[in-house]
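Please keep the sequence and the picture open while you read.

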Amino acid sequence: MKCHLIKIISIFFVFTALFLSPAAASQLLVPGMELAGEVSGYDRQFLRSVLRQLDRYARIARISRTPGSITVICGRNERSILTQSRLYLPGDAGVWQETPALRRQIYGALAAARFNFRFPANSPGVPEWIVNGIEAEIAAAVTSGQYLAANRDFRLLSEFAGLYGELPDFRIMCRTGIPADPVLQKFFAEQARILLQIMAENGRIKELFQKTCNGEQADCFTAFYRDQESAKESIADAAGLILWNQYRPMPVKTVRSRLAELEHFFIPETDENGKETGNFKTVNSWREFAAALKTFRGNRSRLQNQFAARYILLGKMLSIQEKNICAELAAGVNSFTGDGEEWEEAEKRFAGYLAKLHTQLDRREKIDRFFRDTMMLNAPLPDTFQLLFEAAGTKNLSLSPEEKKFLQQTVNRYLL
């Protein structure tokens, strides 16, 4: 009897091992998706990090995820196959990390599973720039941006924009993919992160993934705008709000340039009855703008709001103190409504706010210079010149002759 009982128990455990172990081994990736079993030992960690980033885009874009539950199965097929309840992925994390083409395919399939669109069986997946952007965002999320999204900086792109006053063409980044040069790769990674963020904020991230997974060009995002010039301008405006904020305000040099630019304004001309004639004139300073409002016009309030909005928008990219002054400037624009002494007082008050902003910018400039000089003198040399070392160590053109000369002088002075 005891012998038969042991046999029955043994059969039960064999049955459990054969039929129940896959379910027991299943691991939750994100809500609505689970992994059937580890292959490499860190498949779950790899997939979970990508899915969490995709879900972040989905939250920003307000995309409803695919209904039901999907089970991910690794190492079963040569290509990614998505069904209603299964996602079969080729290889495992160990292979994915060494194979960019596989990561393109897998990121596309995971996006299809989360954003609820069809993933073609022969799809090449997302373009390389999206792979670059997602992986750079994942890296940023586990370092300085782990607890605060605003801490995820874009140091290279911010420095470039501050130095040249504009951003590089995002279409070139998309067409180039992932360059071999480490410095250029980091630069393009920041551009890719910015562009993915903008597409999510515009609610077009699902369309972007779907189009590229269906074989459309890597820079197909331009189709979301009126034309290529409009795309360039719109993306540059949106990128500025991501690059610069109260934690990393716009460089002072750029702020001064923007302040001068926003005073150039088109004003509709009006007739003696205050009605618009269809013609426009340009004002080149806030004083000219204020003077233009002295004459009776039916569109005064609208023009004031448009002009004031420029200071509000600029303030969003500055420090807290500077943002508050921009709010005062915006309120000052709306005070250009009286005449005589009242008008003179409004102009005097606005000029005072503007002087206050420049004083605050001077102060920040001095603080920035102090910190920069202090870091140059006291930080370890490899930390300060890390990007230059990386650029000098590869056969590429990312290091200019002047930079090479400066780098060699520095090495000779401190290391030899």
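1. Helices, which must have at least four residues, and strands, which must have at least two, are DSSP runs numbered from the N terminus. By that rule the protein, which is a predicted model, has 19 helices and seven strands.

2. Of its 416 residues, 42% count as buried, and the accessible surface of the protein comes to about 23100 Å², with 54% of that area belonging to carbon and sulfur atoms. Among the contacts with a separation of 6 or more, 61% are made by residues 24 or more positions apart.

3. In soluble globular proteins, nonpolar side chains tend to be buried together. Here the largest nonpolar core holds 101 residues, and the members that touch the most others are Leu47, Ile205 and Phe209. If neighbours within four places in sequence are left aside, the residues in contact with Leu47 include Leu29, Leu35, Val72 and Cys74, and also Leu89, Trp96, Ile106 and Leu110.

4. The second largest pocket deserves a separate look. Its volume is about 730 Å³, and it is lined by 29 residues, among which Glu233, Ala236, Asp237, Arg258 and Glu261 lie nearest its centre. Two or more lining residues come from each of α8 (170-176), α11 (228-243), α12 (252-262) and α14 (300-315).

5. Which element gives the largest share of this pocket's lining? That share, ten residues, comes from α11. By residue type, the lining of the second largest pocket divides into 14 nonpolar, five polar and ten charged residues.

Terms used:
Residues numbered from 1 in each chain as written. Predicted model: local features only at pLDDT ≥ 70, side-chain atom pairs only at ≥ 80, totals over all residues. Heavy atoms only, no water. 1 Å grid on protein atoms, 1.4 Å probe; cavity = no way out; pocket = protein on both sides within 12 Å on 5 of 7 lines; lining within 4 Å. Points joined across faces, edges and corners; volume = space filled by probe spheres on them. Nonpolar A, V, L, I, M, F, W, Y, C, P; charged D, E, K, R; others polar. Core = buried A, V, L, I, M, F, W, Y, C linked by side-chain atoms within 4.5 Å. Buried < 20%, exposed > 50% of the residue type's maximum accessible area, 1.4 Å probe, protein only. Contact = heavy atoms within 4.5 Å. Areas by Shrake-Rupley, 256 points an atom, 1.4 Å probe, with all protein chains shown as cover.
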